[in-house]
Amino acid sequence: MLFLILLARTLVLAPLVTGFPEFPRQKQLAKIESLNPADTNTGVVAGDGDDSFELIGDLLNLDFADLTPVGRSIWNLLLGYDDPESNLQVAVPSLDSPECALDACCVWKYVADEMEDLFRGASGRCTRWARMAVRVGFHDAGTFSKSEPGGGADGSLCLSDEVNDPENSGLEDMCAQMRDWHDEWNQLGFPISMADLIQMGASVATVVCPLGPRIRSFVGRVDNPEPNRSSLLPNVFAPAEDLIRLFRDKTISPHALVALVGAHTTSQQRGVDAARAGDPQDSTPGVWDVLFYGETAGSSPVPAPERVFKFPSDVALAQHPTTSDEWGSFAGSGGQEHWNLDFARAYIRLSLLGVNNINNLTECTKVLPQAVLEFNNPDQDSMDLWLNGSMVPPETSLIAQTVEEGESINGANLTTT
């Protein structure tokens, strides 16, 4: 009976809405409101069942009996079953061997290794390349709307001029790197898609960041060389109500939205406030921990350091009654495990938006690097000086760059006030 109820939920058709030129725009938000107006009522709080349970892509039109093993796995993951994380790691044969040619995942082990070298810094923290890779994964998939055709995880961000849209500012270098990798591996005779390369890059980057989840990852997406609508991406100045509506239109619930924005934990912002370029969004940039949640909400036992930069949209979600409980649960006891699990499940959904051959994908989680389950910053004393604004220019910007590259700032010639 539960299966039938969940299936019925996935088959409800949403009303047709049209796009808008910039985000946010009240015209489209008013139309999206009809998708689930209760989500933004001020009296509603996040509770049991407030999660994403919609099927997507070709799974909407397939009977369970017609699904491949991978199709069934993804079906279960989307409906809240199965573990979205995996520690499975299997050795692959030599790249130039006949055995490798027969294994669709084999080449991805070598691609992932190349990515890992760029994403992991000498300090053990993940680099700006890893953070950009996660953001590229978000922005390529985030153009999806269940109410409009097109969009989603189709590689268009880096295959077209979509990356030049204002919403994608700061991603030009990562798309250039993605194009280099795409050309490299295709010229070697491995026809990997840009869509897969982008999403595999996000998965590798997430697990390379210390404490990050090892997300179940799939390949086989089809590329789209035409630009999608970047206007369907969120804005860092948007109120919580707008974000909730926008993500509901992507089949992503408020719970999942709260989990996804936690990726800001590794970030150092540059484009939102140029005067504070390089400032982190929590006190452990390059580490995939839950300090972001408490420091953004102002609920941490120790207040966020002076240099921590908070997006207005994150603060709004931390305070909104629909999302504040889930936000607080990630900041509390057991928050890391809870967040990793929720993020992994939400990101699997995000990475498959707009993919209409889900039933024919291949799971390649086995090629991902192993997760880093414990981590202590090797340069925490120097990091604290920087975070608390004790350094004077030009040391501040030099330290920001060093942290971005994943390098240790221990032993640096620091001048303090």
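This dialogue covers salt bridges in a predicted model.

Colleague: What should I know about the model before reading it?

Modeller: The model is predicted: local features need pLDDT of at least 70 and side-chain atom pairs count only at pLDDT 80 or more, while totals for chains, interfaces and linings use all residues. Residues are numbered from 1 along each chain as its sequence is written, and side-chain values use heavy atoms, with hydrogens and water left out.

Colleague: How many salt bridges are found in the whole structure?

Modeller: Side chains of opposite charge can pair when their charged atoms come close. A salt bridge here is a side-chain nitrogen of Lys or Arg within 4 Å of a carboxyl oxygen of Asp or Glu. The search of the whole structure finds 14.

Colleague: Which residues are linked with Arg128 in a network of salt bridges?

Modeller: The network links Arg128 with Asp173 and Glu405. Arg128 and Asp173 meet at 4.0 Å, N to O. Arg128 is in helix α6 and Asp173 in helix α8 (residues 172-187), 45 residues apart; helices are DSSP runs of H or I, at least four residues, numbered from the N terminus. For Arg128 and Glu405, the closest N and O atoms are 2.9 Å apart. Glu405 lies in the segment after α17 (395-404), 277 residues from Arg128.

Conventions. Helices (H or I, at least four residues) and strands (E, at least two) are DSSP runs, numbered from the N terminus.
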